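Could you look over these comments while you have the sequence and the model open? They are set out as numbered points.

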Amino acid sequence: MSKTQAVSFSRTGGPEVFDYVEIDLPSPSAGEVQISQAAVGLNFIDIYFRNGTYKTPHLPFVTGKEGAGTVTSVGPGVEDFKVGDRVAYASADGAYSAERNVETRHLVHVPDGIELETAAAMMLKGMTAEYLLNRTFKVGPQTVLLFHAAAGGVGLIAGQWAKALGATVIGTAGSQDKIELALAHGYDHVINYKSDSFVDRVREITGGKGVDVVYDSIGRDTFPQSLDCLKPRGLFASFGQSSGPIENFTLAALAQRGSLFATRPTLFTYIAARQELIDSAKALFDIVQSNKVRININQTYPLREVGQAHADLETRKTTGTTLLIP
C-alpha cells in the first residue's frame, strides 16, 4: 500500500468544499492498472457532482472523469495493457489524483504523436462531440446546426468537426473575444447571446427556415428558445445544464413547434459498450491527427488549485479546454 495526493470533498457545495489530501493507493486489483497521471481534464460534470446536482456514490469523494497518464503496474488478468503504455480515459470517477487505479474497461491506448496532456484535454469533450455529430444526429454537408457555448471545450471541438463534415455551423457565445475564438474554430456565424436574440439571428441567418439540430448544454437560460430555432421535425439535443435544469418541459411544446424531436443524451451511454468506446476514441484520434480538429489547452491549474478552476469555469471565465496538473 502506497500513498498519493488527491482532491476530495466530504460535503457538497461550492468550490470551498475541496480538500487536497493524501490517500491510500493499493496495488491494482484484477482488471485494473495503476497509472501515473500526466494531466486531468476539467469538465462541467465535475461541478455537478461537487454541488450535489448529481449524487455521489459515497463521501468523501474524489471527483473527475477524465485523465491521461502512463501505466506503472497491472493487476491480475490484465492482458491488453502493460507497464509503460500511454493511456487515457473519460468515464472513470476519481480522476482528481496524482496516481490512481483504473479498470481497463475505461481505458484506451493513446497513439504515438498525441501528447498525454492533449489526450487528457480531449477525451471527454472530444468523444462528446463525436457522438453528438455522428450518432445523436448524423451531421453532413446538408446540415445547418446551432451549437450553444461555441467557445467552450466541447464547442470548439464540435465547431471544427462539424465544419470538416461540411455543415453550416452557427454558434452562440457571450463576449466578443469568445465570438472571435469560435469563428477561428469552424463556426460560420457566432451570435452574442447577451446582446442579440439568438432566435431572431438564427431565423435571419437561415432565411426563416431554422436549423436541423440544436446542441444545447446550457439548459435553463436557453430553453425554450432553442426549440424556436428548429425546422419542423428538427432535433433538440440537450446534453448539459450549465445554467440550471430545464423546467416546465412538455411534449406539447414539441408538437406546437412543428413535430420536433428531443433527446437528453450522455456520453456514458454512447461509450458503455467496449467497442463503442474504442470506435469513438479512434474517430477522435483520427480527426485530431488529420489536423482537421485542433485541441488547444487554454488554461492550466495545479491540481491543488482546483477550487479556483471550478470557480472560473462556473463564472464562464474560461474558454475551450482546461487541464489540472498533478
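The points below take up the domains, the sheet, and then the pockets and the cavity.

1. Basis of the values. This is a predicted model, in which local features need pLDDT of at least 70 and side-chain atom pairs count only at pLDDT 80 or more, while totals for chains, interfaces and linings use all residues. Residues are numbered from 1 along each chain as its sequence is written, and side-chain values use heavy atoms, with hydrogens and water left out.

2. Domains. The protein is divided into domain 1 (3–123 + 270–324) and domain 2 (137–264), with bounds that come from an automatic or database domain assignment. Their centres, taken over C-alpha atoms, are separated by 28 Å, and 18 residues of domain 1 are in contact with 20 residues of domain 2, where contact means heavy atoms within 4.5 Å.

3. An open sheet is formed by six strands in the order 10-9-8-11-12-13, with parallel pairing; strands (E, at least two residues) and helices (H or I, at least four) are DSSP runs numbered from the N terminus, and two strands pair if DSSP finds at least two bridges between them. Strand 10 (189–192) and strand 13 (261–263) each have a single partner strand, so one side of each is left without a neighbour in the sheet. From one strand to the next the twist averages 15 degrees.

4. Helix 5 (residues 198–205) lies across strands 8, 9, 10, 11 and 12 and runs at about 155 degrees to strand 10. For these angles, axes are lines fitted to C-alpha atoms, for helices over the stretch in contact, and the angles run from 0 to 180 degrees between N-to-C directions.

5. The largest pocket. What volume does the largest pocket have? The value is about 1000 Å³, and of the 48 residues that line this pocket, Phe44, Ala149, Val154, Ser217 and Ser242 are the closest to its centre. A pocket is an open set of points on a 1 Å grid over the protein atoms alone, with protein on both sides within 12 Å along at least five of seven lines; a cavity is a set where a 1.4 Å probe fits but cannot get out, and lining residues have an atom within 4 Å of a point. Grid points are joined across faces, edges and corners, and a volume is the space filled by probe spheres set on the points. Helix 2 gives the most to this lining, with four residues, and at least three residues are drawn from each of domain 1 and domain 2.

6. The second largest pocket. This pocket holds about 270 Å³ of space and is lined by 13 residues, among them Asp24 and Arg100. Strand 2 (18–25) and strand 6 (99–103) are the elements that give two or more residues to its lining.

7. The cavity. A search of the whole structure finds one cavity of 30 Å³ or more, and the largest cavity has a volume of about 50 Å³. Helix 3 supplies the largest share of its lining, four residues. Both domain 1 and domain 2 give residues to the lining of the largest cavity, so it lies between them.
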